[in-house]
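This report concerns how two protein chains are arranged and how they meet. The sequence and the structure are shown first.

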2 protein chains.
Amino acid sequence: MTATTATTTSPTAPTPAWLAELTAALGAGSVLTDPDVTASYARDQAMLALSGVPAAVVLPRTTAEVSAVMTIASAHGVPVVPRGAGSGLAGAANAVDGAITLVMTRMDAVLEVSTADRLAVVQPGVVNKALRDEVARHGLFYPPDPSSYDWCTIGGNLANNSGGLCCVKYGVTTDYVLGLEVVLADGRVLRTGRRTVKGVAGYDLAKLFVGSEGTLGVITEATLSLRPAPQTPVTLVATFSTTAQTGQVVEAAVSCGVVPSLFEVMDRTCIRAVDDMMKAGLDRDAHALLVAQSDAGGEAALAEMEVLAQLCRDAGCDLVHVTDDAAEGDLLLAARRMALPALEQLGTTLIDDVAVPRSRIAAFLDGCDAIARARDLVIGVVGHAGDGNMHPTMCFDPTDDDHRARAFAAFDDVLELGLSLGGTITGEHGVGSLKTAWLEREIGPVGLDVHRSVKRALDPDGLLNPGKMFSAG
Amino acid sequence: MTATTATTTSPTAPTPAWLAELTAALGAGSVLTDPDVTASYARDQAMLALSGVPAAVVLPRTTAEVSAVMTIASAHGVPVVPRGAGSGLAGAANAVDGAITLVMTRMDAVLEVSTADRLAVVQPGVVNKALRDEVARHGLFYPPDPSSYDWCTIGGNLANNSGGLCCVKYGVTTDYVLGLEVVLADGRVLRTGRRTVKGVAGYDLAKLFVGSEGTLGVITEATLSLRPAPQTPVTLVATFSTTAQTGQVVEAAVSCGVVPSLFEVMDRTCIRAVDDMMKAGLDRDAHALLVAQSDAGGEAALAEMEVLAQLCRDAGCDLVHVTDDAAEGDLLLAARRMALPALEQLGTTLIDDVAVPRSRIAAFLDGCDAIARARDLVIGVVGHAGDGNMHPTMCFDPTDDDHRARAFAAFDDVLELGLSLGGTITGEHGVGSLKTAWLEREIGPVGLDVHRSVKRALDPDGLLNPGKMFSAG
């Protein structure tokens with residue numbers, strides 16, 4: 001496929017010692033070097049991120065095999081890129097030339113679900129939806145729900161500290177991690193954290209590994225806390241003629257203490273795109289649409305959504321509607337869920353990811369509108385209004401170099417806007433290979449230095465996912 | 001006072017260069033060496049923990065002053081023990097001979113309360129209750145409530161990842177930390193984390209500093225998320241003739257998904273001690289008492305407590321009573337809050353701190369009973385039933401060496417019991433200088449080695465709170 005992989009796969013080239021050792025340890029069926037196969041593991045879903053090609057793709061089945069891989073890799077100084085399904089949006093799982101890509105998808109068992117301790121013990125390769133379905137059979141709930149929940153893996157969720165629609169009420173992946181088993185860069189196996197709800201014995205290493213994007217260790221098992229199953233939601237939808245009104249509603253909701261279980265916003269570009277695709281009869285003149293849910297149950301849920309409905313009226317909404325009919329609620333939520341597919345009808349999409357303080361959402365929406373005008377681009381903004389995590393999405397024609405360049409420039413404009421409003425360059429998608437320069441800007445020189453110190457402490461030879469998140473310096 | 005302090009305070013001994021530099025930088029009013037004064041900063045509340053005497057006590061007023069202290073200390077290789085009010089129960093704040101004790105209580109401002117972003121920005125010296133009261137004036141709620149909440153500081157809470165009665169529903173301190181300002185061992189100032197609800201830009205360093213007991217840096221500012229004010233609670237009390245029944249109720253509550261805002265247990269020793277002190281008319285023959293609350297509001301709260309009441313009846317309780325009268329609820333809760341003062345009437349108390357999986361609470365209570373019998377001791381057990389965090393408390397006569405020795409031995413027996421049940425050696429009090437050997441046992445050799453690597457990365461000269469949590473090796 002490329003010169004890089006050819007060095008390890010050409011019949012005339014000698015097999016490197018590390019590759020022979022890996023094959024001996026794991027078996028030929030778990031160590032893949034066919035360039036057509038390895039190329040298929042080269043990238044995640046981040047269009048902008050650079051990528052190499054794996055020197056080998058390794059698919060371990062046990063912690064002992066992962067340990068063997070890291071022991072061999074560290075002995076030979078071969079870098080390792082851990083990954084799951086490859087649903088990431090920042091290139092964190094993108095291959096590095098000459099490196100092993102360590103694919104965790106075969107370790108996909110749900111090892112335990114305990115109702116008495118309300119927790120699950122899982123391997124990293126289990127798909128998010130598979131875990132959700134399994135614990136639901138026990139009347140339990142695993143909240144983190146990235147939009148790729150039907151194919152992303154828990155290991156990837158852990159590595160990226162994934163969020164989703166649930167976060168406004170239920171937080172993100174790190175909030176559900178009790179304990180981890182991690183294979184370190186040198187192959188040693190660390191068990192950290194615990195099975196108890198509370199515990200302060202030592203540093204919170206589990207939460208350090210969560211969100212570290214595979215740069216500190218390879219997660220091979222996780223003990224996750226669960227919640228009781230939520231109740232049937234009550235759903236609210238409201239439309240507004242100005243974005244400022246939606247910002248006002250979010251700010252008022254935060255201030256008055258109502259905590260919906262879902263609280264999403266779409267701008268006019270998204271509304272029209274969805275309406276074009278779904279023929280949903282949405283208000284095409286609205287500047288913004290809010291969808292919210294309460295899963296508090298029965299009257300309490302209706303009461304919560306009525307509080308929010310009144311805030312919408314106070315802000316001068318064009319329309320507000322509350323329903324406790326589950327099917328109608330699903331339909332209203334479908335409009336939100338279709339926002340990105342609908343934008344894809346308008347061209348190739350480039351999704352950004354910024355979180356701003358909740359009081360700055362209106363300013364952020366207006367800023368995105370200004371960027372769209374300045375760059376002469378279609379930018380649809382969909383976001384988790386309740387937690388300020390917004391996903392402006394640039395639509396462009398990839399065959400038009402100028403159009404493409406303007407989309408890429410707008411991507412950076414959005415990050416600049418987010419930082420200027422006191423926000424962060426990534427709310428839930430991660431840094432990966434896409435935003436390393438931006439990370440350095442956000443965390444500053446002291447922050448970068450501390451990151452490098454921690455990285456060196458756990459991976460002194462820099463073998464784990466090199467070049468991702470920040471440069472080793 | 002002792003030979004140690006005399007070396008820095010005797011009029012005939014030369015003033016060390018670092019002390020002169022500190023005094024020049026912060027002023028004489030902030031650098032105390034009078035042995036009577038420094039001795040008063042020697043210890044926290046952990047009777048068993050060893051302690052030295054501070055070489056100097058330094059009370060900074062600003063981050064710049066903290067930075068100056070660490071710059072001077074690191075230049076001269078002088079260790080530094082950061083501390084707050086000294087309410088700790090593991091000796092984490094205990095002085096180290098020859099070290100500076102850095103007392104953060106003068107940095108006690110609540111810098112901001114934002115209702116729109118539902119957060120507060122505080123200095124470390126603010127007392128927990130002062131923060132709670134301040135945010136309550138804005139209709140907001142800061143949940144973590146260690147029993148010393150009316151005098152412990154937020155900085156100490158952060159350093160120890162403190163819990164309290166709230167944890168069963170609202171989690172612990174780390175769950176409220178959005179961002180931190182930390183002065184590093186070499187005096188540099190790190191700002192980490194953010195003001196947004198979500199964010200995954202870089203490692204979660206904030207949660208690494210939280211619970212690190214002053215061994216990785218000095219926290220000088222925290223951005224804390226807040227919750228809406230809770231509603232007036234509905235309270236339940238129930239008594240049981242066997243501990244197994246309380247375990248059954250907790251397990252059933254966890255399994256069926258009811259999440260009280262408070263869920264506490266007391267054993268017979270505590271019931272009788274409280275009844276002796278308060279003349280509260282408690283059932284002195286009961287083997288265990290549960291107190292629970294729901295703050296879900298109105299009918300929802302009553303419904304939650306009715307579910308729990310039915311679980312108590314199913315378990316064969318002797319009595320169960322639910323009230324939505326706030327004054328009566330306060331009275332019922334007072335019995336729980338008085339458990340430790342009541343035990344103090346029986347002798348000197350030595351409080352332990354173990355968390356076990358919630359399914360093992362009955363086994364833990366029975367195990368404590370067996371330890372009490374084997375050691376011929378009074379052990380009262382009070383605990384956070386809802387999260388499995390239990391505080392067996394040994395009562396003994398400190399003038400009786402044998403009695404004292406049996407109490408200290410029982411302290412270790414309890415830890416052994418907790419570990420044997422899949423628990424942790426500390427649920428919320430921390431490791432400090434009290435449980436370092438136990439920590440090494442719980443986290444194992446790989447865990448210890450990773451702790452040491454992280455410590456070296458952030459504090460290469462081992463100046464910050466040396467000897468606490470684990471030995472530098």
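The sections below treat the relation of the copies, their interface and an annotated region.

**Relation of the copies**

The model is predicted. Chain B is superposed on chain A by a rotation of 180 degrees with 0.0 Å of shift along the axis, and the RMSD is 0.0 Å. This is the relation of a two-fold axis. Of the interface residues of chain B, 100% are also interface residues in chain A, so the copies meet through the same surface.

**Extent and composition of the interface**

The size of an interface is often expressed as the accessible area that is lost when the parts come together. Between them, chain B and chain A bury about 5,700 Å², of which 63% lies on carbon and sulfur atoms. K198(B), V200(B) and Y203(B) provide 17% of the area that chain B buries against chain A, more than any other three residues.

| Quantity for chain B and chain A | Value |
|---|---|
| Residues of chain B in contact with chain A | 75 residues |
| Residues of chain A in contact with chain B | 75 residues |
| Salt bridges between chain B and chain A | six salt bridges |
| Polar contacts across the interface (both at pLDDT 80 or more) | 21 residue pairs |

Which elements of chain B each supply at least two residues of the side that touches chain A? They are β9 (189-193), α8 (205-209), α9 (243-256) and α16 (436-458) of chain B. Among the contributors to this side, α16(B) gives the most, with 13 residues. By residue class, the side of chain B that touches chain A comprises 32 nonpolar, 27 polar and 16 charged residues.

A salt bridge is formed by E428(B) with K198(A), where the closest N and O atoms are 2.7 Å apart. In chain B, K198(B) is one of the three residues named above for their share of the buried area.

**Annotated region**

For chain A, UniProt lists residues 50-229 as "domain: FAD-binding PCMH-type", in an unreviewed entry. Over residues 50-229 of chain A, the chain is 22% helix and 24% strand. The C-alpha atoms at the ends of residues 50-229 of chain A are 41 Å apart.

Notes. Residues numbered from 1 in each chain as written. Chains lettered and ligands numbered in written order. Predicted model: local features only at pLDDT ≥ 70, side-chain atom pairs only at ≥ 80, totals over all residues. Heavy atoms only, no water. UniProt positions renumbered as here; feature names shortened; annotations may be inferred. Helix = DSSP H or I, 4+ residues; strand = E, 2+ residues; numbered from the N terminus. Contact = heavy atoms within 4.5 Å. Buried area = accessible area lost by both parts, 1.4 Å probe. Salt bridge = Lys/Arg side-chain N within 4 Å of Asp/Glu carboxyl O. Polar contact = N/O pair within 3.5 Å; in protein donor to acceptor, adjacent residues only side chain to side chain. Nonpolar A, V, L, I, M, F, W, Y, C, P; charged D, E, K, R; others polar. Least-squares fit on C-alpha atoms with pLDDT ≥ 70 in both.
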